[in-house]
Amino acid sequence: MSVLHTIYFSAKGTTKTCAAYIGQHLGLETRTYDWLRCPCSDTLEISGKDVLLLAMPVYGGYIPHICTEMMGYLRGEQTPAILAAVYGNRHYDNALLQMKDILIRQGFVVIAAGAFLAQHSIFPSVAAQRPDEKDRAVMAEFAATCKDLLAGRDEEGWDEITLPGTAGYDASFFRGVPFRPGGDRTCISCGACAAICPCHAIDPANPRETDQNLCMSCGACIAACPAGARNYHGAAYKAAGLVFSQKCAAYRTPELFYAGKKEEK
Ligand SMILES: Cc1cc2nc3c(=O)[nH]c(=O)nc-3n(C[C@H](O)[C@H](O)[C@H](O)COP(=O)(O)O)c2cc1C
């Protein structure tokens, strides 16, 4: 019996929700890896008999740079992989292609990939209710098709999957967004933000300040704050939110991609 290895990085929880929903519908014994709380720092071998479900949020059209580094620890044995890119209603750009390219180098075969919608973690009025009921139905359908693909694994194998994106993309092109969360006067100095920050950008001795150079704006500290004292602030943030919410108002729908099965030669 295959084991499903579900890996996700989820600062504000929507990527985790999508990973859990897809995983649940795959119906396999599952091992879960939370790369926010337990960053991967050692080789992680995933047997060719098992399955990888990799769910990542989209940051600037790519996956978070710290996850690119962690993916370098993955080792597959032509292990089938299912990808989920979770994005906030702008676009996922090169994120799925980037995940595929890295996984191929690490010994995996990408058999299916989906781009799914979620509330935007910096501008929460964008895609506020996502994933919604329709998204959940698509995720269930996606998982069902993945199950069918996996059922044929011993017979034929899979063709290389074709995913959208720009050939020759440069992931270092994304230098982050200019908004960093900070604490306000309701901060109780509990240190929860400093403990969760994946970039070590918050000094527990002075948690209201954020190191502007280290922070990647993921918002994990906002989600972790028990006092609701942290958020993105400032006139530029508010102005950008207005423009962004108008630009990204249209309801986007998930996109699914599958590897065709290899034909008998
Ligand atoms: C730094 C940063 C950059 C982002 N860039 C994009 C983007 O390029 N396209 C998009 O549609 N959403 C973007 N988002 C929104 C996230 O992709 C979306 O909210 C994601 O689901 C957050 O996952 P989480 O809830 O698991 O943290 C960005 C969010 C952050 C924090």
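The legends below describe close-up views of a predicted model of a protein chain with a ligand.

Figure 1. Along the principal axes, the C-alpha atoms fill a box of roughly 65 × 40 × 35 Å. Of the 265 residues, 42% count as buried. Among contacts with a separation of 6 or more, 81% are between residues 24 or more positions apart.

**Figure 2. Domain 1 and domain 2 of the protein chain.** The domain assignment gives residues 3-169 + 251-258 to domain 1 and residues 182-231 to domain 2. The centres of the two domains, taken over C-alpha atoms, are separated by 27 Å. Where they meet, nine residues of domain 1 are in contact with seven residues of domain 2. The side of domain 1 that touches domain 2 consists of six nonpolar, two polar and one charged residues.

**Figure 3. The shell of residues around the ligand.** The ligand is surrounded by 26 residues, and the closest are S10, T14, T15, G88 and R90. By class, the shell has 10 nonpolar, 14 polar and two charged residues. Both domain 1 and domain 2 take part, each with at least three residues in the shell.

**Figure 4. W35 and the residues it touches.** W35 lies in the loop between β2 (29-34) and β3 (44-46). Is this residue, W35, buried or exposed? W35 has 21 other C-beta atoms within 10 Å, and because 20 or more count as buried, W35 is buried. Leaving aside residues up to four places away in sequence, W35 touches I7, Y8, F9, C40, C67 and M70. A11 is 24 residues from W35 in sequence, and the C-alpha atoms of the two are 9.6 Å apart in space.

**Figure 5. The cis peptide bond from R130 to P131.** The omega angle of this bond is near 0°. P131 is found in the loop between β7 (108-117) and α4 (133-151).

**Figure 6. H200 and S217, two residues in the loop between α5 and α6.** The helices on either side of this loop are α5 (192-196) and α6 (220-224). H200 is not a glycine, yet its phi is positive, at about 55°. S217, also not a glycine, has a positive phi of about 70°. S217, by contrast, is buried, with 21 other C-beta atoms within 10 Å.

**Figure 7. Helix α7, residues 235-247.** This helix has 13 residues. From its first C-alpha to its last, α7 reaches 18 Å, close to the 18 Å expected at 1.5 Å a residue. How many of the 13 residues of α7 are buried? The count is zero, and α7 is hardly covered.

Note on methods:
Residues are numbered from 1 along each chain as its sequence is written. This is a predicted model: local features need pLDDT of at least 70, side-chain atom pairs count only at pLDDT 80 or more; totals for chains, interfaces and linings use all residues. A residue is near a molecule or strand if its C-beta atom, placed from the backbone, lies within 6 Å of it. Ala, Val, Leu, Ile, Met, Phe, Trp, Tyr, Cys and Pro count as nonpolar, Asp, Glu, Lys and Arg as charged, and the others, Gly among them, as polar. Domain bounds come from an automatic or database domain assignment. A residue is buried if 20 or more other C-beta atoms lie within 10 Å of its own, exposed if 12 or fewer, and partly exposed in between; C-beta atoms are placed from the backbone. Two residues are in contact if their C-beta atoms, placed from the backbone, lie within 7 Å. Helices (H or I, at least four residues) and strands (E, at least two) are DSSP runs, numbered from the N terminus. The expected span of a helix is 1.5 Å times one less than its number of residues.
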